[in-house]
Amino acid sequence: MAHPKEGKSPEPSDKIPEILPILPLFDVVLFPKMVLPLVVMQEESIRLIDEAMSSNRLVGTIASRHSKMQDGYTMDDLYEYGTSAVILKMAKTDDNNAQLLLQGIGRFKVEEYTETTPYLRARIRTIESKERKNKEIEAIMANLVNQYDIVVSMSSALPQEMSSMARSLEEPGILADMVTSTINSNTREKQEVLEILDIKERLKKVTQMVNYQIDILEIGSKIQTQVKGGMEKQQREYYLRQQLKAIQEELGEIDETSGEIEDYRAKIAEKDLPEEALKEAERELKRLSRMHPSSAEYSVALTYLDWMISLPWNDYTEDQLDLHAAEKILDADHYGLEKAKRRILEYLAVLKLNPDIKGPILCLVGPPGTGKTSLGHSIARALGRKFIRIALGGIRDEAEVRGHRRTYVGALPGRIIQSVRRADSKNPVFMLDEIDKVGADFRGDPSSALLEVLDPAQNNSFTDHYLDVPFDLSRVMFITTANILDTIPPALLDRMEVLRLSGYTEEEKIKIATRYLVPRQRSANGLKGEHITITGGALKKIISGYTREAGLRNLEREIANVCRGVAAKIAKEEAVSVKVGVNDVDEYLGPIRFTFDDIKNRVSTPGVVMGLAYTQVGGDILFIEATAMKGKGNLTLTGQLGDVMKESANAAMSWIRANAKLLKLDEDFFESHDIHVHVPAGAVPKDGPSAGITLLTAIASLLTDTPTSKDLAMTGETTLRGQVMPIGGIKEKVLAAHRAGIKTIIMPKLNERDMYEVPEKIREEIDFHFVNKIQEVLKIALKI
């Protein structure tokens, strides 16, 4: 802080030379007649001081324009106006810094800089001080002194003697400079005062600064009073507790549980709980303080408080909002799945623009082994969030979701709250696996409890039965997985955004096996890259000959079998490196299990037609067989068919009987013969309307004694009027047909719009026929 130097200094014009060495000042302005302590660290400035001390001790001080200290200064870094000064004292420190005491002499303006090395020197023009007092100036000075008294009285940094010193100053210029140098103002404002040469204007400017300072101090004092009031209340409570503790010690009533209760009280205060949670925690703590430690309720209350202080009420992980980095992570972990990846990147983009967006509720639906669960891990890694997963398969108790009430022995929160505590974050990626397999019984319906969890409009106040206070789940990103949607209640399904993950094509499986499965199994079985090589042809044979699936699990098992076989050879030192080609697969996996010939030979006789089905494990081939025998016109259906499929068979039979002439059939045939329709794999339940045209074609093939093509399959619902209606699962069914070597597929005309989901290469390899009428089906399949 600068102070005015007592005594009269010589007139500037008599003492100040025309050229002065310039000492840059950082974050401070020196005024005439003021004394300023200073520490100098720059080498060029220390050299300047050494040379000044050996001559007349005079320097020119100019403030820097920059808010940060610099190693060196140029003429552009400094203001034009400065203050000439004399070095009153100088001392060197052990680290070669210089401690100075400077006294300002007078203002000057830089005309030009004459030297820049080793330090700045400038030709200056000394500004004469012409101070003429009048009534207006005296009035401004009196007001300024009064206002300055208020600042001194309110500021703890200014000694009270400053007020007396201000009142003793008669020169208006020195008064303005002294007040400016002592109040809490920034360098730019102080420099403005230094550059104002008119005394009246300078006094007005300083008065404005002092009034602003008074406003700041009054606001600060008000805030301090409020804080102090709160602190006094806390201190009073603390003192009362300490007194109570001392009284209990005197009476011998103190026990070790008091310290435990105080620890919980401190932890609750540190946790910054929401208002309702804080109220409940303090109520439970108050109950605890009145209990005896040996009571059963004591441990129950302790457990509850442990849960309350361990939950992440306000703890978040910071999202990684780099879309390019997130895209790289998703692509590195998974091949394909473009629709799901695009949705995640869209969410990231919206989150970047609107950080307050609520987490989406995504439902990944697809056959087993298509990467639903592992995609959840990748999403968490791309977002930079914690990942937690709970399996819902087989859950039948609502308390698994909402928790048990504390009245039950051994009560705990539900899986949702437990998982959030393990994640230690309020915005994790939360995967609810196998949501289509949630059950229900006399203990409640868990899917109904999930309605609140998975509703963005409600889950900001999710109430677990155990905690009995709201917990905000709105920032959680929920991802559910399912194999089918039929078993999910409509109300629950309505709350989720469904993303379908279809099965993989043969080409996709080869690429995934090469990039991910083979390296993973190679490492899992202790092999290195030079030990084993599996050719693309071998992988293709494993896929087509040893697996028949939409996903990748069986493929990875077969690759593991190959790796174990190779590992055995290397361990026995029978080989150093093994290359597994097409002809070597049988050695490790045995004879080929699936061939196209097996499938095609089954439809070589009349009455057998190949259909396409959509199951929990993806698309599949469905054979429908029909035979006739002497009887009374009955229709027998076997193969564990559901009601919808039975009705489709009856509708197909009715259409054939109504159109017997079109098929050139004897109408009396149906009176004297029974027809039996069977769908093989009788242990597997089957249902749905999509086998309608397949059932009708099988019966028509039998009655007309006309077999269908060996590489023909079909799917579609039929009506009594002969219309072919659209069905679902197009991509999965087409992929299943492609795996089985089917070359021709008949499907409803209205499903032509769904063909964009089918990879282009498969669309080129299969001949699709889109039909509206049953007559078109029979013309293509039976040539009638």
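This is a predicted model: local features need pLDDT of at least 70, side-chain atom pairs count only at pLDDT 80 or more; totals for chains, interfaces and linings use all residues.
Biologist: Where do I start? How many helices and strands are in the chain?

Modeller: The chain has 28 helices and 25 strands. Buried residues make up 48% of its 784 residues.

Biologist: What radius of gyration does the chain have, against that of a compact globule?

Modeller: The chain has 44 Å. A compact globule of 784 residues would have a value near 28 Å. Along its principal axes, the C-alpha trace spans about 140 × 80 × 65 Å.

Biologist: And contacts along the sequence? What share join residues at least 24 apart?

Modeller: Take contacts between residues at least 6 apart in sequence. Of these, 74% join residues at least 24 apart.

Biologist: Now the sheet. What is the strand order in the open sheet of five strands, and is the pairing parallel or antiparallel?

Modeller: The general idea comes first. Strands of a sheet pair through backbone hydrogen bonds, in a parallel or an antiparallel way. Here the order is E9-E10-E13-E8-E14, and the pairing is parallel. Strands E9 (387–391) and E14 (497–500) are the edges, each pairing on one side only. Neighbouring strands are turned by 20° against each other on average, direction ignored.

Biologist: Can we zoom in on one pair? How many bridges join E9 and E10?

Modeller: Five bridges join E9 to E10 (residues 429–433), in the parallel sense. For Ile388, the bridge partner in E10 is Phe430.

Biologist: Which strands does helix H12 lie across?

Modeller: H12 (residues 338–353) lies across E8 (361–365), E13 (477–482) and E14. Its direction is at about 140° to E14.

Biologist: How do I read burial along a helix? Which residues of H19 are buried?

Modeller: An α-helix has 3.6 residues a turn, so residues three or four places apart point the same way. In H19 (residues 536–546), the buried residues are Ala538, Leu539, Lys541, Ile542, Ile543, Gly545 and Tyr546. They pack against helices H18 (506–524), H20 (553–571) and H21 (585–589), and strands E15 (532–534) and E16 (578–580).

Biologist: Last, the cores. Which residues touch the most other members of the largest nonpolar core?

Modeller: In soluble globular proteins, nonpolar side chains tend to be buried together. The largest nonpolar core has 64 residues, and Tyr148 and Val179 touch the most other members. Helix H3 (residues 135–154) gives the most to this core, with eight residues. A second, separate core has 53 residues, including Ile309, Ile390, Ala423 and Ala449.

Biologist: What is Tyr148 in contact with, leaving aside its neighbours within four places in sequence?

Modeller: Tyr148 contacts Leu158, Met162, Ala166, Met178, Val179, Thr182, Ile183 and Val210.

Methods. Residues are numbered from 1 along each chain as its sequence is written. Side-chain values use heavy atoms; hydrogens and water are left out. Two strands pair if DSSP finds at least two bridges between them. Helices (H or I, at least four residues) and strands (E, at least two) are DSSP runs, numbered from the N terminus. Axes are lines fitted to C-alpha atoms, for helices over the stretch in contact, and angles run from 0 to 180 degrees between N-to-C directions. Contact means heavy atoms within 4.5 Å. Buried means under 20% relative accessible area, exposed over 50%, partly exposed in between (1.4 Å probe, protein chains only). The radius of gyration is taken over C-alpha atoms; the globule rule is 2.2 Å times the number of residues to the power 0.38. A nonpolar core is a set of buried Ala, Val, Leu, Ile, Met, Phe, Trp, Tyr and Cys residues joined through side-chain atoms within 4.5 Å.
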